[in-house]
Structures are given as C-alpha cells and as structure tokens.
Amino acid sequence: MYGMTSAISDALPTDMDIQLTKSLDDALAKEKVITTDEDLSQRLEVLSMLNNLAKEWIREVSMERNLPEITAENVGGLVCTFGSYRLGVYHKGADIDAIVIVPRHITRNDYFSTFYNKLKENSNINNVRAVEEAFVPVIKMIIQGIEIDMLFARLALKEVHEDTDLQQDDLLRNLNPKCVRSLNGCRVTDSILRLVPNRESFKKTLIAIKLWAKRHRVYSNALGYLGGVSWAMLVARVCQLYPNAAPATLIHKFFLIFSKWQWPQPVLLKPSYFMDLGYPVWDPRVNMADRNHVMPIITPVYPQQNSTFNVSHSTLDIIQDEFKTSLDIMGEILTGESSWSKLFQPSKFFTKYRYFLAITVFANCDEELLEWRGLVESRLRFLPTSLEEIDCVQRSHLNPDQFSLPFEKSQGRPSSVWFVGLEISKSNGTIVQLDFSSHIRDFCLLVKSRAHSIFRAGMDIQVNHLKRKDLKDYVPDELKKEKAIPNTVGSKIIARLSTEGRHSLSELEESQKSPESRKRIADDDICNKRNKIQLSDVEKKFVLGSLEPQKSPSQNEINDNNLTNSLLSTEKNSNSLSIQNETKDVIVENSNSLSIQNETKEVNEKDSLLLNEARNLIIESGDSQRSPVSNKCFAEDETDENDQKKIRLLHPTVA
C-alpha cells in the first residue's frame, strides 16, 4: 500500500487512456517542456563544475584549519541536487536547486565569505548574490544561462563521502535548524520518488501539471501560491490513489479530487512519525500557528513541515477556481470536444478585471535589480491580503508573472512590474471611494525596512492605480494575447446544449416516421442515464478517498473500506431500482406513440428554453465583466467622466 489509505482503483489503462496519453505526449512536445539530450549534457557539465569548485574550496578551508594534507584530501564533501532536476521533470530554461554538504569543521560563515568570493571571481559564473538572511539561506548565480540556487548544510561528521545516506534521521542530530531546513530539500525529493508506485507516470503527470500551473498563474511559493515541491506532493498523492492509471487519467483525477478536497484537511503522503531530536514539526494540535494554515501539504520526512504556509484564503480561492475550471476542460478532452492545448492555454487576467495596481521596482543596473526585485517579491504577498481588508474589495488577485516596462515608461532604467487585479463589489448606483493609500504606504515601509543591507541609490518602488484601458501603456503584448484566447467559461455547456437541441430536432423527425427510431431513442436514454449513475458512484468514491485519516493506517483502511462498501452497496441498490423504473416507463411509452410525440415536443420546448437561457447567460456574463462596480453595462471605450460617477480612485504619492 502506498500512502495513508489503500488505492481507490487498481484498474489498468484502457485503449482510450493510452490514446489520450499519446496525444498528451504530442501536446507536451509542442510546448517544449520535454528534456532534450543537449540540455541534459549542459546541466551535467554545470553541476560537474560546481562539484569541483566545492571540493576545491573544502580542501582549501581544511588546510587553513591546520588539518594534515592527507586528511584535507579525504574529508570529502559533495554537491547534491533536489527539486525539479532531481525529480526528472525539468525543462529548458528551468533552474537547478543544489546543496553543498560539508563536514563539521566547515562553517556557514566560510560558505558566505570564502566560497562566495570564489564564485564571484570565476569568469564563468554571473550574477552571484547571497541571501543570507532568508528562512533558508541561499547563494544564487547564473552559469551558462542556467539559474542555480545553492544551499548549505554542515553535518556533524568528520568526513562526508559520496555514499552518505541523507535519508537517515540520525544525521540531523545536533544540527543547526537552518542546516536541517536545507537538507529537507534532498530528503523530501527522494522520499517522494520512493512513495509513488510508478515513477514514469508520476513524472509525466507532474510535467503536465507544472505547465498547467504556470499557464494558469498559480505557480509561485513566494507569492502565496504553490511551489514545485507542493505540486509534486499533490501529484504523488493522486498516483498513490490510482497506482496503475495512465498519465491522462491521473491528470483528470487530479482535478477531480482536489476540486472537491475539504481544505484545511492536510494532504499526507505517509503517516507522520516522531523523532526526539528537538526540531519543531507541523502539528495543529500543539502549535497554534499551524491552525491558521489554510492549505496544508505536509512533507513526508522528519521534521514534517507545511510546504504551503504562504497560501492565504484569497490565493486558495483562486487555486480552487482554476481546479474547477480545468475539471470542466478535462471533461471536454475526455469526450473529444477539446484537445490538450485548451488545458495549457494561459488563463485570462488582464481582461478579467477592470481595476489594477501596478507595483514597479527600478534599479541602476541589472545586477542590482535582481537583488532589489527578489526582496520586493518576498514581501509582495502581504499586499493583496492587506487590500482585501477594504470592504468594497471582494478579491485582490496577484499575478505571479513579472513584466518589464516599455522603454517609454521606464526611461531606459532596468525595471520589473507586477500587477494586482481588483474585483470591486457592486455599488448600486452610489459612489465608491477606493482609498488604498494607507495599505500601499505600509507595504512600501515593510519592504524598505528589510532592505537596509542591500539598498543602494537608484533603487525605487512605485505603486500606481490603473484601469484596464491604461494597460496598453504597460503590457500591450499581453493584452493582445489574452484577447485572442477564446472564452472557455460556459463553452462546454453551450456546446452541449446546442448539440442536444439539434439532436432532439432530428430525433423528433425520425420518431414521427418509424417506431424503430422511437425504440432506439428510448434505449439511448437508458444507456445515458446508466452512465450518469456510474459516474456519480465514482465521484462519491473520490470524496471518500480525499478524507485523509488521522488514526493508525490499519484502522483507517478498515474504516475506509467498510464505509466505501456500505455506500456503494446502497448506491447500487438505488441505481438498479431507478433503472428498472425507467425501463418500465420506456415500455409504456413504446405502446403509445402519441404520448411519445407529445413528450418529445415538450423536450424540444425545454431545450429551446435552455438555449435561450444560455445565450442570455453569455450576454449577462459579458456585461458583468465589463462593469464590476455598477449594475449598468459600460462600453470598453467609456469616458473618464462616466467612470468618476461610479468610482473614485485616490492616488497616493508613494516613494
């Protein structure tokens, strides 16, 4: 058994699943997210260079500590990878997460002084910068166009050999908490690979989910969404529940399960265990702060931590909305109505909201901009949470993508800009005053209070209020791309209603011609209802599977199986009775052709009413998107005078 519970289904892939997986491979190949041999060889070359530099540095520091030359040659040390590269789901342009593991006579001060200087002096390494005050201290650099995030861990060992097993919990004894957090990257990645039943299916599914998350703008741990390890653990949990499923099926089950997940119920890959080593672990029964986590996804190794502690109620709502929308798209893919490209097309942001905040950072050069931008990004998630304290702000949606200002706006200065979309409650004809000045001022003060160590002349931050029509001066290309994306909301419903409407008209004509066609319609109706009943059973089973137990695994398996069997037996009995009743109704209807004709006409009338209502919904949805603050419909090119009658923006002066 993999995970906390037994599998929901051990079914093998069908021919349709295999065919869908092949089409998924083609779609991923077009998106260029599959690793090439050339990219792999380049990354191996970069890691080899880093490993040689690290061992050379360890030998030099050992000699400075007056260790014998023979001992200095044999103390070891190694560079390990983790994250997407270790999981095998990286693609061209992705960064590499690595860690330098050293023996006990090498200190963290040595790492951020002598090793940092060694990297700076190397002509093959660019943009070296240290983030020593981070929760997990890191040195960032770029080698051959590949971004590297390198951590540091010091083990309580005289020598660190290549075959050191980092999964041993005893290695954490008497270590600095920062070293423990750094080692968790490797330990969690290796544990995830050990906890999935089929690594190849897991990797392919994770590649697709990560691409989807980036395109739907929900991929960023720093900005309050989910990072790479969190998405990996969610995919791993689905793989545990469907150990033999094909990647195409796993993607569908992924959206199905987590669109129904009862957060803050935690996601666990295996039962938690306790080690008396003194490190804090995630436990809401003991730690009050853990009770405030809204989307806990718990790492599978000691000390267990919540990988999504940055997620807020606002970002959780955004993620859940994307889950539900993508579940509908997956339904279209499974029925052949759409292709995988629809799942991977970017979600709409700039055409979704009418009011925005633009947070822009400036610096004198690109190297200074990297430092300044990283600091601002680490605090940016607090701004949307603060804005939602305003009564009329229903949602404050932070776009995790970074953009560069056009030359006319930046005046040639290196810059980066983020956007926050604002959903404003309807005003019912009254004037709404949006005063963000205090919230923006507090955010800027928070950023500058943390910037004392890196702040230099020329670094600046600006926050501006914008309307949608102002975006053409900031992101003109993004606006064009979004306007070219077809509206996916409701398209499946409209297409199905239209198809059913045409189908019912043609079937009405045939039913008036021959009794055989009437019998065929009745048989199809029974078959469709049978399929719907089976689908509802599966969904109920998923809901049971999504409830992570808090007891021992053996007892949980017993309770889960008993509850599932009782629910399924009840459902099967009710379903069989329903099908029998429907069959009887069909037999009675076949004996009376006039009754069938009348009922078919009534169905036709209902279908036409549904189509009319659907068309009205499209018109109303378009109106609501154009006017978030008024019940009236505004044109895209409305004047500022009309806007000021409904909403008044107060522009604070922010340094």
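Helices (H or I, at least four residues) and strands (E, at least two) are DSSP runs, numbered from the N terminus. This is a predicted model, in which local features need pLDDT of at least 70, side-chain atom pairs count only at pLDDT 80 or more, and totals for chains, interfaces and linings use all residues. Residues are numbered from 1 along each chain as its sequence is written, and side-chain values use heavy atoms, with hydrogens and water left out.

**Stop 1: the whole chain**

Show everything. The chain has 21 helices and eleven strands. Of its 655 residues, 49% are buried. Buried means under 20% relative accessible area, exposed over 50%, and partly exposed in between (1.4 Å probe, protein chains only). Now think about contacts (heavy atoms within 4.5 Å). Among those between residues at least 6 apart in sequence, 75% join residues at least 24 apart.

**Stop 2: the aspartates**

Centre on Asp95. It sits in the loop between helix H4 (84-87) and strand S2 (96-102). Its relative accessibility is 27%, so aspartate 95 counts as partly exposed. Leaving aside neighbours within four places in sequence, Asp95 contacts Arg43, Ser84, Glu147 and Asp149.

Move to Asp149, in strand S5 (residues 146-154). Is aspartate 149 buried or exposed? Aspartate 149 is buried, because its relative accessible area is 15%. With neighbours within four places again set aside, its contacts include Asp95, Asp97 and Lys140.

**Stop 3: glycine 88**

Stay in the loop between H4 and S2, and pick glycine 88. At 29% relative accessibility, glycine 88 counts as partly exposed.

**Stop 4: helix H1**

Select residues 15-31. This is H1, with 17 residues. From first C-alpha to last, H1 reaches 25 Å, close to the 24 Å expected at 1.5 Å a residue. The expected span is 1.5 Å times one less than the number of residues.

Colour Asp17, Leu20, Thr21, Leu24, Ala27 and Leu28, which are buried. They lie on the same side of H1, because they cover an arc of only 115° around the axis. That arc is taken from the directions from the helix axis to the C-beta atoms. Which helices do the buried residues of H1 pack against? They pack against H7 (199-215), H9 (247-258), H10 (313-334) and H11 (340-344). Turn to the face away from the buried side: it carries the exposed residues Asp15 and Lys30. Just after H1, lysine 32 takes a positive phi of about 60°.

**Stop 5: the nonpolar cores**

A nonpolar core is a set of buried Ala, Val, Leu, Ile, Met, Phe, Trp, Tyr and Cys residues joined through side-chain atoms within 4.5 Å. In the largest, of 96 residues, Phe202 and Trp231 touch the most other members. Helix H8 (residues 228-241) gives the most to this core, with nine residues.

Zoom in on Trp231. Not counting residues up to four places away in sequence, tryptophan 231 touches several residues, among them Leu206, Trp212, Phe254 and Phe323. Finish at a second, separate core of 33 residues, which includes Leu47, Leu53, Ile106 and Phe152.
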